[in-house]
Amino acid sequence: MRKSMKRQEAIEHSSLDIKLKRVDRIYLPGEMMEGLVIISSKAGWSHQGIMMHVAGHAKLQLSARSVGLFESMSNIKPLCLMDQNFDILDSGKVPDGVTEIPFEFQLPKEGLHESYHGVYINVEYKINVSCERGFPKKALHRNIEFVVEVPEAAKSETEPERFEITPESLENVNASSLSKIPIFKISGRLFHKLCPINLPFTGEVTIEASQAPVKSIELQLVRVETVKQMGKTVREATEIQNIQIGDGDVCRNLVMPLYMIFPRLFTCPTMLTDSFQVEFEVNLIVVFGDGYMVTENFPIELYRGR
């Protein structure tokens with residue numbers, strides 16, 4: 001028992017933490033970021049200074065899914081959005097207990113893209129704090145991510161867009177196959193195709209007629225990520241979320257609302273740069289009981305209103 005107690009006493013419990021003033025960690029370009037670097041030390045120790053590095057990058061993210069697709073683009077350098085270094089504390093000694101060191105810095109007013117976590121493209125901002133303590137003590141490190149939102153002026157658009165889906169309006173269907181498709185007519189409206197990301201996507205859909213019973217009606221949000229390099233373009237669409245609008249053989253001529261919240265971080269204002277693009281689409285999917293499925297695609301543009 002005595003040996004184990006001595007070993008526990010020899011274990012050091014010092015730590016480094018970062019606490020931002022805003023709990024949600026959301027900031028706009030040009031705003032001041034304030035917070036604390038919190039040091040918890042046991043018995044105190046000397047150090048060679050505490051440094052802070054703030055970085056923001058837009059970069060290509062490769063995974064098992066991207067092998068053979070984006071792999072040829074793996075040598076694309078990350079796009080640096082911000083890179084700042086600060087001295088938080090000069091070399092010296094940290095006393096026993098908890099020490100809080102305040103810090104503040106201003107984000108750049110221009111050149112920032114909104115935070116985004118995609119499948120192949122990532123835009124992220126991080127604060128890294130390090131403390132070198134010299135041999136034999138290990139250096140302490142801590143990093144946290146914060147979110148940048150980039151608002152812009154409201155954009156005007158025309159009246160809600162009406163749509164109508166029938167067997168004759170379908171693309172990629174041979175004329176000889178039309179006779180095999182059950183007769184149906186689906187109509188509706190999209191209230192916005194130029195969508196404020198901080199407001200829900202809305203519209204309505206109506207099954208006016210259908211020979212075959214309807215099994216399900218779904219609204220699918222899709223991200224389209226494009227990477228460009230030396231004249232070569234790779235484009236991939238992946239699902240973000242899928243919401244069921246109607247279940248079963250819904251009543252005919254019943255107006256059903258479309259309502260979808262854009263998820264934070266997995267969506268962002270539409271980004272078009274020289275090396276990469278992030279765009280979004282909405283698919284209205286109607287599944288019939290006989291196995292047929294109809295998909296209508298609507299490209300949309302997202303922006304963050306002030």
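**Salt bridges, sheets and domains**

Mentor: A salt bridge joins the side chains of Glu-164 and Lys-185, at 3.7 Å from N to O. Glu-164 belongs to strand S12 and Lys-185 to strand S13 (residues 184-190), so the pair ties together parts that are 21 residues apart in sequence. The model is predicted, so local features need pLDDT of at least 70 and side-chain atom pairs count only at pLDDT 80 or more, whereas totals for chains, interfaces and linings use all residues. Residues are numbered from 1 along each chain as its sequence is written, and side-chain values use heavy atoms, without hydrogens and water.

Trainee: Why is the contact of Glu-164 and Lys-185 called a salt bridge?

Mentor: The rule asks for a side-chain nitrogen of Lys or Arg within 4 Å of a carboxyl oxygen of Asp or Glu. The distance of 3.7 Å for Glu-164 and Lys-185 therefore meets it. By this rule the count comes to 14 salt bridges.

Trainee: What makes Glu-164 and Lys-185 partly exposed?

Mentor: Buried means under 20% relative accessible area, exposed means over 50%, and partly exposed lies in between (1.4 Å probe, protein chains only). Glu-164 has 47% relative accessibility and so counts as partly exposed. Lys-185, at 29%, is therefore also partly exposed. Salt bridges with shared partners join Glu-114, Glu-149, Arg-264 and Arg-304 into one network.

Trainee: How do you know that Glu-114 and Arg-304 form a salt bridge?

Mentor: Their closest N and O atoms are 2.4 Å apart. Glu-114 sits in the loop between S8 and strand S9 (116-117), and Arg-304 in the segment after strand S21 (293-303), so the pair ties together parts that are 190 residues apart in sequence. Arg-304 also meets Glu-149 in a salt bridge, at 3.6 Å from N to O. Glu-149 lies in the loop between strand S11 (140-148) and S12, so this pair with Arg-304 links parts that are 155 residues apart in sequence.

Trainee: Are Glu-149 and Arg-304 buried or exposed?

Mentor: Glu-149 has 11% relative accessibility and therefore counts as buried. Arg-304, at 13%, is likewise buried. Glu-114 is buried as well.

Trainee: What makes S12, S13, S15 and S18 an open sheet, and which strands stand at its edges?

Mentor: The four strands follow the order S12-S13-S15-S18 with antiparallel pairing. Strand S12 (161-165) and strand S18 (255-260) each have a single partner strand, so one side of each is left without a neighbour in the sheet. Neighbouring strands are turned by 20 degrees against each other on average, direction ignored. Axes here are lines fitted to C-alpha atoms, for helices over the stretch in contact, and angles run from 0 to 180 degrees between N-to-C directions. The elements are DSSP runs numbered from the N terminus: helices are H or I with at least four residues, strands E with at least two.

Trainee: Why is Thr-206 called buried?

Mentor: Its relative accessibility is 10%, so Thr-206 counts as buried. Thr-206 is found in strand S15. Contact means heavy atoms within 4.5 Å. Beyond neighbours within four places in sequence, Thr-206 contacts Lys-185, Ile-186, Ser-187, Asn-253, Leu-254 and Val-255.

Trainee: How many bridges join strand S3 to S8?

Mentor: Strand S3 (residues 32-41) and S8 run antiparallel and are joined by 10 bridges. Val-37 stands opposite Ile-101 in S8.

Trainee: What is the area buried between domain 1 and domain 2?

Mentor: Domain 1 covers 15-148 and domain 2 covers 161-303; such bounds come from an automatic or database domain assignment. The contact takes 22 residues from domain 1 and 23 residues from domain 2. Buried area is the accessible area (1.4 Å probe) that two parts lose on being put together, summed over both. For these domains it is about 2,000 Å², with 71% given by carbon and sulfur atoms. Across this interface the rule finds zero salt bridges.

Notes. Two strands pair if DSSP finds at least two bridges between them.
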